[in-house]
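Time to look things up, one at a time, and jot down what turns up.

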Amino acid sequence: MKRARIVLADDHPIVAEGLRGLLEPDFDVIAVVEDGRALLEAARSLQPDVVVADIGMPHLNGIEVTSRLAKEQPGIRVVILTMHREEAYARRALEAGASGYVLKIAAPGELVQAIRAALAGDVFVTPELAGELVGSAGRHTRDGDRDAAILTPRQREILQLLAAGKTAKEIGALLGVSTRTVESHKYEMMRMTGVRTSAELVHFAIRNGVVPL
């Protein structure tokens with residue numbers, strides 16, 4: 001099986017090299033850079049599968065890089081790895097197009113899990129933040145809120161759990177329905193909202209203030 005190609009970006013060389021050692025058993029780390037501008041250049045020239053980036057970097061921060069890559073290179077997934085545990089940072093990163101948000105204090109396995117989720121077209125948020133992110137969604141209403149009105153209560157419930165990082169199997173167990181039923185609701189929501197991936201569906205939920213029932 002072809003190994004995924006990763007570009008790392010962190011302005012602390014010791015941290016970056018530690019991350020390289022963590023990821024190389026599972027992925028090909030093809031470049032390590034120390035600032036946002038270098039990250040953009042590396043992404044454009046090397047075309048990695050996933051970029052792992054800190055938020056606080058010189059020249060361009062990780063969220064700015066994420067936004068640019070989402071527009072210029074939408075096939076490249078971005079996982080944010082940061083010390084910022086504030087919900088607002090996670091929300092901004094996901095709204096910019098990130099597929100993952102992992103805290104540096106989290107267990108090392110979470111970063112590998114986030115990368116694998118990104119490669120599969122899903123979204124991963126450090127569990128201790130995921131609940132806060134979904135629970136606060138109602139405080140971030142905007143003009144697009146009416147778009148979420150097309151969803152049924154059951155669809156909203158499933159979407160909230162997807163945004164909290166639950167798998168279809170886990171959601172089925174929580175709601176007492178089959179995995180197939182959960183997948184059916186997910187694909188129907190994708191059709192209704194005009195998105196193509198699970199990650200885009202989660203971004204829709206964040207943009208439109210989908211809140212717990």
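**Entry 1: pockets**

I started with the second largest pocket, and H10 gives the largest share of its lining, four residues. A reminder to myself: this is a predicted model, so everything below is computed from it.

How much space does the second largest pocket hold? I get a volume of about 290 Å³. I then listed the 16 residues that line this second largest pocket, and Asp-122, Val-123, Gly-165, Lys-166 and Thr-167 are the closest to its centre. At least two lining residues each come from helix H5 (108-119), helix H9 (179-193) and H10. Sorted by class, I have eight nonpolar, four polar and four charged residues in that lining.

Next I went to the largest pocket, with about 350 Å³ of space in it. Its lining has 19 residues, and Ala-70, Pro-74, Arg-77, Gly-97 and Glu-200 lie nearest the centre. Which element supplies the largest share of this lining? H10 does, with four residues. I also noted helix H3 (62-72), strand E4 (77-82) and helix H4 (87-96), which, like helix H10 (198-207), each supply at least two residues. The class tally for the largest pocket is eight nonpolar, six polar and five charged.

**Entry 2: helix H9**

H9 lines the second largest pocket, and I wanted to check its length. With 15 residues at 1.5 Å a residue, H9 should span 21 Å, and the C-alpha atoms at its ends are 21 Å apart, so the two values agree. (For the sum, the expected span is 1.5 Å times one less than the number of residues.)

Then I asked which residues of H9 are buried. My list reads Val-182, Lys-186, Met-189, Met-190 and Thr-193. Looking down the axis of H9, I see these buried residues fall within an arc of 100 degrees, so they line one face of the helix. What do they pack against? The buried residues of H9 pack against helix H7 (153-163), helix H8 (168-175) and H10. On the face turned away from the buried side, I found the exposed residues Arg-180 and Arg-191. Just after H9 comes Gly-194, with a positive phi of about 80 degrees.

**Entry 3: Leu-162**

Is Leu-162 buried or exposed? Its relative accessible area is 13%, and buried means under 20%, so Leu-162 is buried.

Setting aside neighbours within four places in sequence, I find Leu-162 in contact with Ile-171, Lys-186, Leu-201 and Val-202. Lys-186 is one of the buried residues of H9 that I listed above. I also checked Leu-162 against Phe-124: they are 38 residues apart along the chain, and their C-alpha atoms are separated by 9.4 Å.

Last stop, the loops. Gln-47 sits in the loop between helix H2 (36-46) and strand E3 (50-53). Its phi is near 50 degrees, a positive value in a residue other than glycine. At 38% relative accessibility, Gln-47 counts as partly exposed.

His-59 is in the loop between E3 and H3. His-59 is not a glycine, yet I read a positive phi of about 70 degrees. How accessible is His-59? I get 53% relative accessibility, and exposed means over 50%, so His-59 counts as exposed.

Terms used
Residues numbered from 1 in each chain as written. Predicted model: local features only at pLDDT ≥ 70, side-chain atom pairs only at ≥ 80, totals over all residues. Heavy atoms only, no water. 1 Å grid on protein atoms, 1.4 Å probe; cavity = no way out; pocket = protein on both sides within 12 Å on 5 of 7 lines; lining within 4 Å. Points joined across faces, edges and corners; volume = space filled by probe spheres on them. Nonpolar A, V, L, I, M, F, W, Y, C, P; charged D, E, K, R; others polar. Buried < 20%, exposed > 50% of the residue type's maximum accessible area, 1.4 Å probe, protein only. Arc of directions from axis to C-beta. Contact = heavy atoms within 4.5 Å.
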